Amino acid sequence: MQQPYEPSPGGHDAGTGEPRTGEPGTGEPRTGEPRTTEPGTAEPGTAGRRPAPAARVLVVEDDPTVAEVVSGYLDRAGHVVDRAGDGPTALARAAAHWPDLVVLDLMLPGMDGLEVCRRMRGRGPVPVIMLTARGDEDDRILGLEVGADDYVTKPFSPRELVLRVESVLRRTRPAAVSRPPAAAGLAVDPAARRATKNGTELALTLREFDLLAFFLRHPGRAFSREDLMREVWGWDFGDLSTVTVHVRRLRGKVEDDPARPRLIQTVWGVGYRFDPTAHEGEAREGEAHKDEAHEGGGS
């Protein structure tokens with residue numbers, strides 16, 4: 001598997017030669033400068049990629065240079081960009097104009113990105129991509145557990161960030177399907193972004209919803225974590241612990257006993273498999289026990 005982006009020592013992307021974010025004097029486009037491409041058209045090097053629909057993106061970053069670089073690239077990709085340099089301002093901007101996606105720095109003055117993410121998720125569903133200078137797995141997992149849909153470690157390629165933004169937008173704006181997938185008492189409605197278990201609505205994050213919908217569409221098939229990263233996240237590289245965390249959280253919401261998962265099974269040496277027949281087998285076994293008890297009581 002390709003490893004996540006690592007910058008070259010000279011301050012430029014080793015593959016494209018473009019400047020890294022977070023460095024003064026890089027010459028990156030600023031929000032409000034003339035675009036070099038028409039809104040919604042592909043950036044150089046992205047030919048053949050289906051662009052996501054234009055969206056309102058809130059960039060929350062206290063470093064002015066990083067904020068300008070990120071905003072410039074998103075603006076050139078055709079998105080409407082709002083900016084905030086701290087948590088309270090971000091919450092106020094979100095309340096005034098609810099964003100389609102938030103690019104959120106983890107280390108903010110006063111109120112950190114985790115708290116901002118928690119408060120936004122408390123107001124309503126919104127995709128969040130976390131920016132972090134930390135490389136510790138615990139920090140990344142914590143960001144995912146409070147509702148972030150993806151994370152990018154600084155320094156990063158601005159083009160990669162735009163690709164991640166558009167990948168999340170495509171997956172959170174799915175086309176309606178004629179027959180929503182359902183099995184084992186679980187059902188998802190992609191158009192409404194609703195998931196239910198036995199008729200009761202589930203409180204899923206956006207990525208948990210995508211993962212459950214994918215499992216429901218492919219019952220009985222085993223997928224590796226690499227497969228799930230590619231098919232659900234839309235990326236050929238990344239930290240596979242992201243998949244592990246989301247599977248664990250999803251089990252906690254759909255399994256009757258998360259400590260002994262029956263629906264989302266671990267396939268040792270491979271990955272995971274969604275098996276709705278396990279649920280059906282339990283139901284048949286329960287009915288058989290009821291019949292035996294009834295027959296025993298009538299004899």
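Which side-chain oxygen reaches to the backbone nitrogen of Thr 65 at the start of helix 1? Hold on to that for a moment, everyone, while I say what we are looking at.

This is a predicted model, in which local features need pLDDT of at least 70 and side-chain atom pairs count only at pLDDT 80 or more, while totals for chains, interfaces and linings use all residues. Residues are numbered from 1 along each chain as its sequence is written, and side-chain values use heavy atoms, with hydrogens and water left out.

Back to the opening question. The oxygen belongs to Asp 63, and it comes to within 2.9 Å of the Thr 65 backbone nitrogen. A polar contact here is a pair of N or O atoms within 3.5 Å; within protein, one must be able to donate a hydrogen and the other to accept it, and residues adjacent in sequence count only if both atoms are side-chain atoms.

Now the helix itself. Helices (H or I, at least four residues) and strands (E, at least two) are DSSP runs, numbered from the N terminus. Helix 1 covers residues 64–76, so 13 residues, and spans 18 Å from first to last C-alpha, close to the expected 18 Å. That expectation is 1.5 Å times one less than the number of residues. Of those 13 residues, 10 are buried, where buried means under 20% relative accessible area, exposed over 50%, and partly exposed in between, using a 1.4 Å probe and protein chains only. Among the buried ones are Val 66, Val 70, Tyr 73 and Leu 74. What do they pack against? The buried residues of helix 1 meet strand 1 (56–60), strand 2 (80–84) and helix 5 (158–172), with contact meaning heavy atoms within 4.5 Å. Just after the helix, Gly 78 has a positive phi of about 100°.

Let's stay with helix 5, where Arg 164 lies. Is Arg 164 buried or exposed? Arg 164 is buried, at a relative accessible area of 7%. Leaving out residues up to four places away in sequence, Arg 164 touches Ile 129, Asp 150, Tyr 151, Val 152, Trp 235 and Phe 237. In the loop between strand 5 (150–153) and helix 5 we find Pro 155, and the peptide bond from Lys 154 to Pro 155 is cis, with omega near -10°.

Four strands make an open sheet in the order 6-7-8-9, with antiparallel pairing. Two strands pair if DSSP finds at least two bridges between them. Strand 6 (182–183) and strand 9 (200–201) are at the edges with a single partner strand each, so one side of each has no neighbour in the sheet. Two bridges link strand 6 to strand 7 (residues 186–189), and Ala 182 has Ala 187 as its bridge partner in strand 7. Helix 6 (residues 206–217) packs on this sheet, touching strand 6, strand 7 and strand 8 (194–197), and its direction makes about 115° with that of strand 7. Axes are lines fitted to C-alpha atoms, for helices over the stretch in contact, and angles run from 0 to 180 degrees between N-to-C directions.

Two loop residues here deserve a look. Arg 193, in the loop between strand 7 and strand 8, has a positive phi of about 55° although it is not a glycine. Asn 198, in the loop between strand 8 and strand 9, also has a positive phi, about 50°, and is not a glycine. Asn 198 counts as exposed, at 58% relative accessibility.

The other sheet is an open one of three strands, in the order 10-12-11, paired antiparallel. Its edge strands are strand 10 (222–224) and strand 11 (264–267), each pairing on one side only. Four bridges join strand 11 to strand 12 (residues 271–274), and Thr 266 stands opposite Tyr 272. Helix 8 (residues 241–254) packs on this sheet, touching strand 11 and strand 12.

Finally, the cores. A nonpolar core is a set of buried Ala, Val, Leu, Ile, Met, Phe, Trp, Tyr and Cys residues joined through side-chain atoms within 4.5 Å. The largest has 30 residues, and Leu 212 and Leu 228 have the most contacts inside it. Which helix gives the largest share of this core? Helix 6 does, with seven residues. Setting aside neighbours within four places in sequence, the contacts of Leu 228 include Phe 214, Trp 233, Val 243 and Tyr 272. A second, separate core has 21 residues, including Leu 101, Val 152, Phe 156 and Leu 161.
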